[in-house]
Amino acid sequence: MSVDGFQESAVDVRLGASFLWWDAADTTRLLSCYDGRVLMFLDPDDRQARMDDFTTRHLPFRPVQPPFFSYVRSILDYVLTTTDSIDVQWPEDMDDTSDCYHLSLTIQEDTQVEFFGRGTHMPKNPFTQADPTSRYDLWIGKADYLPRKVRRQMSHQTSEHCCIPVRISTEAERPPRAEEYIPAGYKVRYRGEPEAVPPVNPLLGQQAPTWVLTDAWGKSLSLSDLKARAVVLAFTGIGCGPCLAAVPVLESLPDRFAPGDCEVVSIECWGHRAHSLRVYAERNGITHPFLVGTEDVINDYLGGRRGVPVFFVLDGQRVVRHVFMGFNPEEGGEGIYSAVRDVLAGS
């Protein structure tokens with residue numbers, strides 16, 4: 001079935017919210033929309049409206065991050081109604097949150113619990129760690145009882161969501177329709193549709209852009225500081241399952257070659273602070289340089305996109321010789337290993 005030329009999927013009855021997501025730096029630019037039928041992302045680089053109508057992923061829930069207040073409400077509803085094994089505490093407030101109540105929720109179930117409208121027991125995932133414990137910390141304002149911050153802690157990652165200034169409207173508004181917000185000239189592409197032409201990274205065969213970044217411990221590192229005959233730059237994100245699955249491969253890669261032949265550097269692209277990188281590195285055994293990405297380096301290497309992981313293999317002159325998009329655990333990083341070996345053989 002279609003409506004106005006758009007595929008029509010079942011209307012959401014679980015998430016309980018529709019939303020428009022605007023760019024905080026440019027409030028005239030729409031980033032995404034969820035209207036109960038489809039989740040839409042606008043890609044200005046390719047002039048595409050990327051749509052997910054939830055027909056290609058057979059999940060008992062829709063993997064959509066709800067708006068902040070809806071997200072908090074679903075966690076509180078779960079606390080009040082669940083029969084799961086949970087522990088709820090009210091730790092004493094820290095100095096910087098003295099104006100908030102602090103609720104700490106620990107969920108001790110056989111699988112991790114996420115909140116997509118309701119508490120959802122997640123399917124087993126090869127990208128996550130073995131410990132299924134889930135923890136959520138909420139900070140709620142004492143003066144107005146509105147939530148301020150949520151911290152989500154899983155064995156594989158930690159994330160935070162904070163409240164930004166909001167305007168609460170009491171007027172009834174018509175729910176959005178995604179197609180109404182597609183700019184003129186944009187092509188609609190649904191999830192699962194093959195690309196007409198596989199994308200080629202424009203840096204392939206070109207000199208790698210230079211950068212100076214800081215690592216998780218505040219130490220500065222530049223591309224020119226790296227002296228190995230081959231360098232692997234891994235663009236990653238905290239919370240990305242395939243990125244986490246690639247960590248053991250990246251850690252072991254230099255040991256597969258002679259000393260000085262190969263160096264590995266990871267660059268975090270999802271905007272996490274150095275403290276989060278430090279916790280993530282310590283928890284997952286990352287010993288190679290783990291750097292805080294900037295908008296400039298993300299634009300230079302990924303064209304501003306944040307789809308990760310992406311791996312760049314550079315030669316001794318720092319020319320980009322190979323680019324790998326994504327990571328397949330079954331392949332075990334052999335493609336990256338072969339690319340480094342190819343670079344070394346040609347040097």
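Biologist: In this predicted model, what share of the 347 residues of the protein counts as buried?

Modeller: The model is predicted, and its values are computed from it. A residue is called buried when its relative accessible area is under 20%. Of the 347 residues of the protein, the share that counts as buried is 44%.

Biologist: How many helices and strands make up the secondary structure of the protein?

Modeller: Both kinds of element are present in the secondary structure. The count comes to five helices and 21 strands.

Biologist: Among contacts between residues at least 6 apart in sequence, what percentage joins residues at least 24 apart?

Modeller: A contact requires heavy atoms within 4.5 Å. Among contacts between residues at least 6 apart in sequence, the part that joins residues at least 24 apart is 63%.

Biologist: What part of the accessible surface of the protein belongs to carbon and sulfur atoms?

Modeller: The accessible surface of the protein comes to about 18800 Å². The part of this surface that belongs to carbon and sulfur atoms is 53%.

Biologist: Why does Ile-75 count as buried?

Modeller: Ile-75 has its place in helix 1, which covers residues 68–81. Leaving aside residues up to four places away in sequence, Ile-75 touches Leu-105, Phe-115, Tyr-136, Leu-138 and Val-150. The limit for a buried residue is under 20% relative accessible area. Ile-75 counts as buried because its relative accessibility is 0%.

Biologist: How far apart in space are Ile-75 and Leu-105, C-alpha to C-alpha?

Modeller: Leu-105 is among the residues that Ile-75 touches. In sequence, Ile-75 and Leu-105 are 30 residues apart. In space, the distance from C-alpha to C-alpha is 9.1 Å.

Biologist: Which element gives the most to the largest nonpolar core?

Modeller: The largest nonpolar core has 25 residues, of which Trp-211, Leu-233, Phe-235, Tyr-301, Leu-302 and Phe-312 touch the most other members. Two or more residues of this core come from each of strand 17 (230–236), strand 18 (262–268), helix 4 (295–302) and strand 20 (310–314). With four residues, the element that gives the most is helix 4.

Biologist: Which residues does Leu-302 touch, not counting residues up to four places away in sequence?

Modeller: Leu-302 is one of the residues that touch the most other members of the largest nonpolar core. Not counting residues up to four places away in sequence, the residues touched by Leu-302 are Phe-235, Cys-269, Val-297, Val-308, Val-310 and Phe-312.

Biologist: How many residues belong to the other core, which lies apart from the largest one?

Modeller: Among the members of this other core are Ala-234, Ala-246, Cys-262 and Val-340. The number of residues in the core is 19.

Biologist: Which element supplies the largest share of the lining of the largest cavity?

Modeller: The lining has 14 residues, and Thr-236, Cys-243, Val-247, Leu-250 and Ser-266 lie nearest the centre of the cavity. The lining divides into 11 nonpolar, three polar and no charged residues. Strand 17 and helix 2 (241–252) each supply at least two residues. The largest share, four residues, comes from helix 2.

Biologist: Is Pro-254 buried, partly exposed or exposed?

Modeller: Pro-254 is found in the loop between helix 2 and strand 18. Beyond residues up to four places away in sequence, Pro-254 touches Cys-262 and Val-264. Because its relative accessible area is 26%, Pro-254 is partly exposed.

Biologist: Is Tyr-145 buried or exposed?

Modeller: Tyr-145 lies in the loop between strand 11 (134–141) and strand 12 (147–153). Although Tyr-145 is not a glycine, it has a positive phi of about 60°. Because its relative accessible area is 59%, Tyr-145 is exposed.

Biologist: Is Arg-318 buried or exposed?

Modeller: Arg-318 lies in the loop between strand 20 and strand 21 (320–325). Arg-318 has a positive phi of about 65° although it is not a glycine. Because its relative accessible area is 9%, Arg-318 is buried.

Technical notes: Residues numbered from 1 in each chain as written. Predicted model: local features only at pLDDT ≥ 70, side-chain atom pairs only at ≥ 80, totals over all residues. Heavy atoms only, no water. Buried < 20%, exposed > 50% of the residue type's maximum accessible area, 1.4 Å probe, protein only. Areas by Shrake-Rupley, 256 points an atom, 1.4 Å probe, with all protein chains shown as cover. Core = buried A, V, L, I, M, F, W, Y, C linked by side-chain atoms within 4.5 Å. 1 Å grid on protein atoms, 1.4 Å probe; cavity = no way out; pocket = protein on both sides within 12 Å on 5 of 7 lines; lining within 4 Å. Nonpolar A, V, L, I, M, F, W, Y, C, P; charged D, E, K, R; others polar.
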